[in-house]
Amino acid sequence: MGATACGGDDEAAAGVSPSSSVEEQKFAKTRFVANAGLAAGATYQWIIKPYREGKFKEGADGRRFALVKAGLAGAFTYNRLKAAVNNAKADPLLSKAVAPLTAGIESLKDLGTKLRKGEAGEADIASFQQVIDNVKSAGASAGAEVKDKVPSASELGG
C-alpha cells in the first residue's frame, strides 16, 4: 500500500528494527533520485532547450505551445523538487546535503506562471539550471546520483 511506504516517520517512531531504517534510507535515496531526475529532465526538455532554441521569443513558431509547456514544466519541476527534498529527510547524509537548497527551490515557486505568460528571461532560466545543478551535486555528494528523466507532456499536466 502506497501510504505505508510513504509513512516511514510513523514506522520509525513505532520502533521498527534497524534493518527497516536502512531499507527506509535506501528507498529515500531511490525516491529522491526519481523525483530529482524528473525535475531535471522537465527543466531541460521543456524550459532550457526551447529557450535556447528561441521558442519563447515574440513571433517564434509554436511560441504559445512552448510557453504553456514551459509553464507546466516549471510547476512540475517545483513540485518534484519539493518531493525530492521531503524524500531526502529520511536519509541523514542526503538530508544534510539537500537542506541548503531549500531556498533555491522555493525561488522557483512562481516561475512556472512567469514562463507561461512569456515573462521569463535569461535570469529565470539560469535560476532553473542553477537549482537543478545544485540538487544533482548534493545528491552525488550523498551517493544518490541524479540523471535526467524526461516526463511526457501529459505527465506535466497531471
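First, some ground rules. The model is predicted, so local features need pLDDT of at least 70 and side-chain atom pairs count only at pLDDT 80 or more, while totals for chains, interfaces and linings use all residues. Residues are numbered from 1 along each chain as its sequence is written, and side-chain values use heavy atoms, with hydrogens and water left out.

**The overall picture**

Helices here are DSSP runs of H or I with at least four residues, strands are runs of E with at least two, and both are numbered from the N terminus. Of the 158 residues, 38% count as buried. Buried means under 20% relative accessible area, exposed means over 50%, and partly exposed is anything in between (1.4 Å probe, protein chains only). Now take the contacts (heavy atoms within 4.5 Å): among those with a separation of 6 or more, 77% come from residues 24 or more positions apart.

**How α4 packs on α8**

Helix α4 covers residues 63–88 and helix α8 covers residues 122–141; their axes come within 12 Å and cross at roughly 25°. The axes are lines fitted to C-alpha atoms, for helices over the stretch in contact, with angles running from 0 to 180 degrees between N-to-C directions. Angles under 35 degrees count as roughly parallel, over 145 as roughly antiparallel, 65 to 115 as roughly perpendicular and the rest as oblique. So α4 and α8 are roughly parallel to each other. Their crossing is left-handed, which is the label used if the near helix is turned anticlockwise from the far one by less than a right angle (clockwise would be right-handed).

Which residues of α4 and α8 meet? On the α4 side they are G74, T77 and L81, and on the α8 side F128, V131, I132 and V135. Sorted by type, the residues of this contact are 5 nonpolar, 2 polar and no charged. For that sorting, Ala, Val, Leu, Ile, Met, Phe, Trp, Tyr, Cys and Pro are nonpolar, Asp, Glu, Lys and Arg are charged, and the others, Gly among them, are polar.

**T77 up close**

T77 sits in helix α4 and is buried, with a relative accessible area of 0%. Leaving aside residues up to four places away in sequence, T77 touches A39, A42, T43, F128 and I132. A polar atom of the T77 side chain lies 3.5 Å from the backbone oxygen of A39.

**Other residues worth a look**

Buried or exposed: how does D124 count? At 13% relative accessibility, D124 is buried. It lies in helix α8, and beyond four places in sequence D124 touches L111, K114 and E119.

A83 is another helix α4 residue, and it is buried at 17% relative accessible area.

G118 is in the loop between α7 (111–116) and α8. At 28% relative accessibility, G118 counts as partly exposed. Again not counting residues up to four places away, G118 touches R63 and L67.

S154 is found in helix α9 (residues 153–157) and counts as exposed, at 61% relative accessibility. Its side chain makes a polar contact with the side chain of S152, at 3.0 Å. A polar contact is a pair of N or O atoms within 3.5 Å; within protein, one must be able to donate a hydrogen and the other to accept it, and residues adjacent in sequence count only if both atoms are side-chain atoms.

Here are some residue pairs that are separated along the chain, with their C-alpha distances.

| Pair | Sequence separation | C-alpha distance |
|---|---|---|
| A83 and A34 | 49 residues | 9.9 Å |
| G118 and G71 | 47 residues | 8.9 Å |
| S154 and L72 | 82 residues | 9.9 Å |
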